[in-house]
Amino acid sequence: MGWMKQIYVMCQDGTFDQEFTKKYKEALLNEKNSMYFDGMLITMEQAAGIAMLAEDVNKAFPNKET
């Protein structure tokens, strides 16, 4: 599955915060240069882009459960 679709699905089913955001914030606090997402090592710049994409997804397509 492509990352954009995977991020959308994770946002919709509520797993994005647990599977990405938690790890992203921890990496930021520890001043890491990279982190793992979906089994791949990504830079913090890429992670910031993923976080922004998820924010846009959540604005454009609010979770139907809320």
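The protein has three helices and two strands (DSSP runs, H or I of at least four residues for helices and E of at least two for strands, numbered from the N terminus). Along the sequence these elements follow the pattern α-α-β-β-α. The radius of gyration, taken over C-alpha atoms, is 12 Å, close to the 11 Å that the globule rule gives for 66 residues, so the protein is as compact as a globular protein of that length; the rule itself is 2.2 Å times the number of residues to the power 0.38. This is a predicted model, in which local features need pLDDT of at least 70 and side-chain atom pairs count only at pLDDT 80 or more, while totals for chains, interfaces and linings use all residues. Residues are numbered from 1 along each chain as its sequence is written, and side-chain values use heavy atoms, with hydrogens and water left out.

Along its principal axes, the C-alpha trace spans about 35 × 25 × 15 Å. Among contacts (heavy atoms within 4.5 Å) between residues at least 6 apart in sequence, 51% join residues at least 24 apart. Of the 66 residues, 29% count as buried, where buried means under 20% relative accessible area, exposed over 50% and partly exposed in between, with a 1.4 Å probe and protein chains only.

Turning to the aromatic residues, the structure holds three aromatic pairs (rings of Phe, Tyr and Trp, the last by its six-membered ring, with centres within 6.5 Å; planes under 30 degrees apart count as stacked, over 60 as edge-to-face and the rest as tilted). One of these joins Phe20 and Tyr24 in a stacked arrangement, 5.6 Å centre to centre with 15 degrees between the planes. Both residues lie in helix 2 (residues 16-29), four residues apart, or about one turn of the helix. Phe20 also forms an edge-to-face pair with Phe37, at 5.1 Å centre to centre and 80 degrees between the planes. Because Phe20 lies in helix 2 and Phe37 in strand 1 (residues 34-37), this pair ties together parts that are 17 residues apart in sequence. Phe20 is buried at 0% relative accessibility, and Phe37 is buried at 3%. Tyr24 is buried too. Ring pairs link Phe16, Phe20, Tyr24 and Phe37 into a cluster.

Phe61 lies in the segment after helix 3 (44-60) and is partly exposed, with a relative accessible area of 45%.
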